[in-house]
Amino acid sequence: MFVWTDKELNEEQSAVVKDDANILLVACPGSGKTRTLTYKVANELSKLDSHKKFVIAITYTNRAANEIKERIELLGVSTSQLWIGTIHSFCNEWILKPYSALLDVLKFGYRIMDANESENLLSDLCTGYDYPRITHWDCGHYASINGIVQGIQYGSKYNNVSAVLQDYFAYLDENNFISYELMLLYSHQLLNEHPVIANTLSKLFEIILVDEYQDTKEIQYHIISKIWHSGQGSTRALIVGDPNQTIYGGLGGYPIEKTELERLSGLEFKKLELEQNYRSSSSIVDYFDKYKTFENVVLASGKEKDYGSIVSFNNQVHVDDLVKEMSRLLRHNVEVLGIDPNEICILGPQWIHLAPISRSLMIEMPEYNFNGPGMAPFSRDLENFWYKLSRIVLTEASPRMYLRRLRWANEILKDLEDSGYNVDDINHKSILRTCNSITIDETNGLKYLQSFFETFLDELNIDLSTNISLTESFASFFDSSKKRIDRIKKEGNNFIEHIDSFKKVFQQKDGTTISTIHGVKGAEFDTVIAFGLLEGYVPHSRDANGDETANRLLYVIGSRARKNLHLISETGRKNWKNEPYFPTNVLSQIIHQYDEL
C-alpha cells in the first residue's frame, strides 16, 4: 500500500488521491497539480490486484510524461503497469498498432510522418502559390470528429491553403503515411466502427487520467470517452487542468463542461478544485487574476506570498531599443534584486521573434548565458528513433542518469522489436552497456552521431538496409539537423556543429530562458519578462476569439512568475500593410498601479 504524509500533500491534494470517484479537477497555477497527479498514479498502481490491469495517464507533452514517471519511480512504486504518454502515442500503441488492419486505408501498414518530413512536404507543396504567398506555417490543421479542420478559415490565403492540404493528404494516402492528426482520425473511426475495441480496452484499464484537459480536442474527448462509456464504470476517470490556461483553441482545444463530459462518457463526475497557489506572491496572483475567463479561487499560499514583487508595464520603448531595455531589466533583477539568472525567463509571442532577440542579447550581455530557440543543433522529434537513441548517446553514464537512460534504452528496444527485428538476445541493459562501451573520436556533431549509430548497429548485428521506416527516419534526422545547423551558422554561431553543442541539448539548462508563451506553459521562474504584447501578436490577428485568447495568454504569462513580472508593448513594429501595431487591448484596459523601475 502506498502511503504519504501531510507534509507531502495538503488536504485538497490528498482528497483527490484518495477518492475513488470519477473526478473533474480544476487546478489553479502553482497548486501542485503535477505532484497530485503523480501521487494519484502511484496510489492507483499500488492498488492494482491483477497483473493484467493498467493505469493510463495521458499528458499533453512527452516531457510531462517523463517527469511524472520519474517522480513515481523515485517514490519507490513500480511503473511496470503504467502506460503514460501523449494522446497520439496512446492511439498508436493501443488502437492503431493492434487494430489498423481493420481499416482499408491502413490494412497494408502505415508509417508515421515525422515533423521534419511533414514540414518539408508542405513547404514543397506551397511552392508556386504566390498570390498570396503561403508557407507551411499557414497550413495548420487539426482532426475533428467530422474530419480534418483547416486552421485558416477565411481570408485571401484560404483557397491556396485548401489546395495544398488536399495535395498533402493525397500524398500521405498514396504513400501509406499517416500524420499525427490522422492518427486521431483513424483511431476515432476504428472505435466507432468496431465497439469491441473500446470494450476490450475498458477491461484492461483500471483508470484513465487526462492532464491539461483545457487544451484537449473534441476528437480526443470522444476517443477516451468511448472507452469509459464501454466500461460502464469499470474504467474510472480523472481529468485535470485549468480552463483559464486554454491557449490552444486555434488547434481545437477547449475545457469540456462537466455535463458534456458525463454525456460522452456515461459516467458521473465529482468536481474538485485545487485553490492554493504555492508559486507566486500575493501581488503576482492579484495581477494575473485580473485576466481570468473562468471563475475560480486562487489563494497565494507559498513561501513567497509576502514578497515585495515588482509588476511593471512599458508601452513607450521603441523596438530598436528593446534589447537594451531587456538587458536593463535583467541586470536590475540579477544585480539589484539578487535573482538567479537561471530563474529568469523572457517570453515572446512567436518563435520568429525569439532568434534575433537571443542573438542580440548574447552580444549585448556576453557575461550572461541564454537558452533560446535555434540554439540546439537538432529538433526534439520524440517520435524519431534516432532522436531517441541520441538521448543515450549524448548523455554521460552516471548514477543520477541511470534510470532515465535505462528507460530510454527500453524505448529503443521496443522500437526495434516493432520494426521487425529479432531482439531475443537483446535487452534494455545490454543496449545501455553497448552505448556506454562505444568511443568515437570526432568533434563534428553530425559525423560523431553517424559514426556512433553505425557502430551501434554493427555491435547489435542490425542491418539498417532491411528496414524502410528506420532508413527513412535516419535520413530525416540528419537532413533536418543539417538544415538547422546551416541556418544557425549563417546567423553567426559557428560552434553549433561541435559535439559539445550537441551534448548541451540534454544537459541541465544553464542561463536565462527565452521562449514563446505557449512553450513555457507549465514552467515557473522568479522573474518573467514578456515582450511583443501587441494587438495582432497577442492575440494573433487571425484569432476569432481575440480578447478571450489575449486574456488567457496574459494569464499564463503572469502565472509563470514567482516574484517579478515585466510586461512590454514596444512601439515601432508594423504589419505587412505598414500599419503600426498597438498594445494588446485587454492589457491596455486593465486598471493596475504598475511599479516604476
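Student: Is Leu299 buried, partly exposed or exposed?
Tutor: Leu299 counts as partly exposed, at 41% relative accessibility. Buried means under 20% relative accessible area, exposed means over 50%, and partly exposed lies in between, with a 1.4 Å probe and protein chains only. Please note that this is a predicted model, in which local features need pLDDT of at least 70 and side-chain atom pairs count only at pLDDT 80 or more, while totals for chains, interfaces and linings use all residues. Residues are numbered from 1 along each chain as its sequence is written, and side-chain values use heavy atoms, with hydrogens and water left out.

Student: Where is Leu299 found?
Tutor: Leu299 is in strand 12, which covers residues 299-300. Helices (H or I, at least four residues) and strands (E, at least two) are DSSP runs, numbered from the N terminus.

Student: Which residues does Leu299 touch, not counting residues up to four places away in sequence?
Tutor: Leu299 touches Glu275, Gln276 and Asn277. Contact means heavy atoms within 4.5 Å.

Student: Next one: where is the place of Ser78?
Tutor: Ser78 sits in the loop between helix 3 (62-74) and strand 3 (82-85). Ser78 counts as partly exposed, at 48% relative accessibility. Its C-alpha atom is separated by 8.3 Å from that of Ala42, 36 residues apart along the chain.

Student: Changing topic to the backbone: what kind of peptide bond joins Tyr131 and Pro132?
Tutor: That peptide bond is cis, with omega about 0°. Pro132 is placed in the loop between helix 5 (115-126) and strand 5 (141-144). The bond from Val538 to Pro539 is cis as well, with omega near 5°, and Pro539 lies in the loop between strand 17 (525-530) and helix 20 (546-559).

Student: What is phi for Gln232?
Tutor: Phi of Gln232 is near 50°, which is positive in a residue other than glycine. Gln232 lies in the loop between helix 9 (218-231) and strand 9 (236-241), and Gln232 is exposed, with a relative accessible area of 73%.

Student: And Asn461, buried or exposed?
Tutor: Asn461 counts as exposed, at 72% relative accessibility. Asn461 is not a glycine, yet has a positive phi of about 55°. Its place is in the loop between helix 17 and helix 18.

Student: On to helices: at what angle do helix 14 and helix 18 pack?
Tutor: Helix 14 (residues 385-393) and helix 18 (residues 468-490) pack at an angle of about 65°, and their axes are 8 Å apart. Axes are lines fitted to C-alpha atoms, for helices over the stretch in contact, and angles run from 0 to 180 degrees between N-to-C directions. Helix 14 and helix 18 are therefore roughly perpendicular to each other. Angles under 35 degrees count as roughly parallel, over 145 as roughly antiparallel, 65 to 115 as roughly perpendicular and the rest as oblique.

Student: Which residues of these two helices make the contact?
Tutor: Helix 14 contributes Phe385, Trp386, Tyr387 and Ser390, and helix 18 contributes Leu470, Ser473, Phe474 and Phe477.

Student: How do helix 16 and helix 17 pack?
Tutor: Helix 16 (residues 428-437) and helix 17 (residues 445-459) pack at about 130°, with axes 10 Å apart. That makes helix 16 oblique to helix 17. Ile431, Thr434 and Cys435 in helix 16 meet Phe452, Phe456 and Glu459 in helix 17.

Student: Finally, how many helices and strands has the protein chain?
Tutor: The protein chain has 21 helices and 18 strands. Of its 597 residues, 54% count as buried. Along its principal axes the C-alpha trace spans about 65 × 55 × 55 Å.
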